[in-house]
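Please look through the model below with this report at hand. The sections take up one chain as a whole, its parts, its contact with the other chain, and then some local detail.

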Amino acid sequence: MATRGFSGRGRASGTDPARLPPGQYLTSDFPVLSAGPTPHVAREDWKLTLQVGPRPIKSWTWGDFVRLPITQVTRDIHCVTKWSKFDTAWEGVSIDNLLADAGIEAPSGFTLAHSFDGYSTNVPTEDLIGGRAMIAIAYDGKPLEAEHGGPARLLVPHLYFWKSAKWVKALQFTERDEAGFWELRGYHMYGDPFKEQRYSGD
Amino acid sequence: MTSKPSSAVKLTWRTATVVAVETRTPTVKSFFFQLAERLPFIPGQHMDVRLTAPDGYQAQRSYSIASAPETSEHLELAIEQLDDGEVSPFFHETVAVGDEIDLRGPIGGHFLWSVEDGGPVLLVGGGSGVVPLVCMLRHRAARGNRAPMALVYSARTAADLIFATELRALSERKDGFDFFPTLTREPGPLPGVRLGRIDRALLRDALAVLSTLPKVVFVCGANAFVETGAQTLLDLGIAPATIRTERYGG
């Protein structure tokens, strides 16, 4: 049923409606959201670890990491707080290249990403490989700012952006789908913006 | 903590009727909604609202709940008008008593406080970021709770302080709640109100009245405000894990 007096005159014109997921609005800003203060991680202290369960299997220092093949992608991103931003440009190391450098195939069906501030989020491993995700270190041609997750964040643009864990420090491969920070607090386990999977029961 | 959440019920869209509209400040209006059933929620949570145009186009936004869970039959959302907004100007210019609006919620699992969580609590709000914090204060008052709580609230001018009379009255109860307003664009001077942005000195004074380190700190407002506030608190020795942030806008 229509809302009295609402015509949607303010909607962004010229936008391909199929590109904007349900309930989203287009922004040209890049809003910052987080559960707590911005951590500041110096590159000399930075480390990224792959774990299988509790067992670390490979780590990279910043110096090691930036020598890996770098991929550039341009993608639309969608935040669960309703804003979407089109054609965002990122650079980083694809999860495929990360696994290749570690000399392994994806060890299990699920991944739990961990961040330096204690944040975590879960993603099916299939959603990270085949070019679908990367560890991003640059946005819009510049090193990723701390507020947006720098030095490095996970980037999984086909899911709501809370899955693109800022300040990522580890990818832990798990046997079961283990709920991360927001998933334990009422948000959807998978988070497909085109199915509007925002909250747990959606 | 369990590794998997229990199966959750879908939050459905409900139609709510606007029963009152109140102008709070030159840019903020409160909208009071009646739902078919009373909705339980925790202070700090928000509602999603959805507007539908005749051609089926829909717009959704989130607004923090201002009313306390205990005292109100009606849900209050205090909405600030954004000049370049799509939804807030519609609320300010068109929505009237009797209108029906779709709401979904309550939503939020981290930026929450109820009296069972205890204190001391430091609240730091900028502009309309004060809304979820006022919900926490109203809840505390409704329950007759005396957990030490301090609110540092930054607005542009005296006219922009939302709920100013109510906040002053709550602080005059002397029940453990202290109010620290500060104005950033008021020419001033004004009695009982500081001028200038929230700074180290003001946060230090607020922490001092709490007498022990806060159990939790809530910082809410525009991103730049939250970023500065959170960093200043870290500089003052507050542990990062005790700071919860909610960032409005860009």
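The report that follows describes a predicted model.

## Chain B as a whole

Chain B is built from five helices and 12 strands. Its radius of gyration is 18 Å, close to the 18 Å that the globule rule gives for 250 residues, so chain B is as compact as a globular protein of that length. Of the 250 residues of chain B, 43% count as buried, and among the contacts between residues at least 6 apart in sequence, 72% join residues at least 24 apart.

## Two domains in chain B

The domain assignment divides chain B into domain 1, covering 14-107, and domain 2, covering 115-248. The C-alpha centres of these two domains lie 24 Å apart, and 16 residues of domain 1 of chain B are in contact with 13 residues of domain 2 of chain B. On the domain 1 side of this contact, β1 (14-25) and β5 of chain B each supply at least two residues. By class, that side has eight nonpolar, five polar and three charged residues.

## The six-stranded sheet of chain B

In chain B, six strands form an open sheet in the order β4-β3-β6-β1-β2-β5, with antiparallel pairing. The edges are held by β4 and β5 (75-80) of chain B, each of which has a single partner strand, so one side of each is left without a neighbour in the sheet. From one strand to the next, the twist averages 40°.

Within this sheet, β3(B) and β4(B) pair in the antiparallel sense over seven bridges, and B:Val49 stands opposite B:Arg61 in β4(B).

## The contact between the chains

Where chains A and B meet, the contact takes 39 residues from chain B and 36 residues from chain A. The elements that give two or more residues to the chain B side are β3 (46-52), β4 (58-64), β6 (100-107), α5 (223-235) and β12 (243-248) of chain B. The residues on that side divide into 18 nonpolar, 13 polar and eight charged.

## Strand β2 of chain A and its partners

Which strands pair with β2 of chain A, and in which sense? Strand β2 (residues 47-52) of chain A pairs with strand β3 (residues 55-61) of chain A in the antiparallel sense over six bridges, whereas four bridges join β2(A) to strand β11 (residues 168-174) of chain A, and these two run parallel.

A:Val52 has a place in both pairings: this residue stands opposite A:Arg55 in β3(A), and its bridge partner in β11(A) is A:Phe173. The hairpin of β2(A) and β3(A) has two residues between the strands, and A:Gly53 takes a positive phi near 60° there.

## A:Pro39 in a loop of chain A

A:Pro39 is placed in the loop between β1 (25-26) and β2 of chain A. Is this residue buried, exposed or partly exposed? A:Pro39 has 18 C-beta neighbours inside 10 Å and therefore counts as partly exposed.

Leaving aside its neighbours within four places in sequence, A:Pro39 is in contact with A:Phe116, A:Asp117 and A:Trp167. The C-alpha atoms of A:Pro39 and A:Glu147 are separated by 8.4 Å, although the two residues are 108 residues apart along the chain.

Notes:
Residues are numbered from 1 along each chain as its sequence is written. Chains are lettered from A and ligands numbered from 1 in the order in which they are written. This is a predicted model: local features need pLDDT of at least 70, side-chain atom pairs count only at pLDDT 80 or more; totals for chains, interfaces and linings use all residues. Two strands pair if DSSP finds at least two bridges between them. Two residues are in contact if their C-beta atoms, placed from the backbone, lie within 7 Å. Ala, Val, Leu, Ile, Met, Phe, Trp, Tyr, Cys and Pro count as nonpolar, Asp, Glu, Lys and Arg as charged, and the others, Gly among them, as polar. Axes are lines fitted to C-alpha atoms, for helices over the stretch in contact, and angles run from 0 to 180 degrees between N-to-C directions. Domain bounds come from an automatic or database domain assignment. The radius of gyration is taken over C-alpha atoms; the globule rule is 2.2 Å times the number of residues to the power 0.38. A residue is buried if 20 or more other C-beta atoms lie within 10 Å of its own, exposed if 12 or fewer, and partly exposed in between; C-beta atoms are placed from the backbone.
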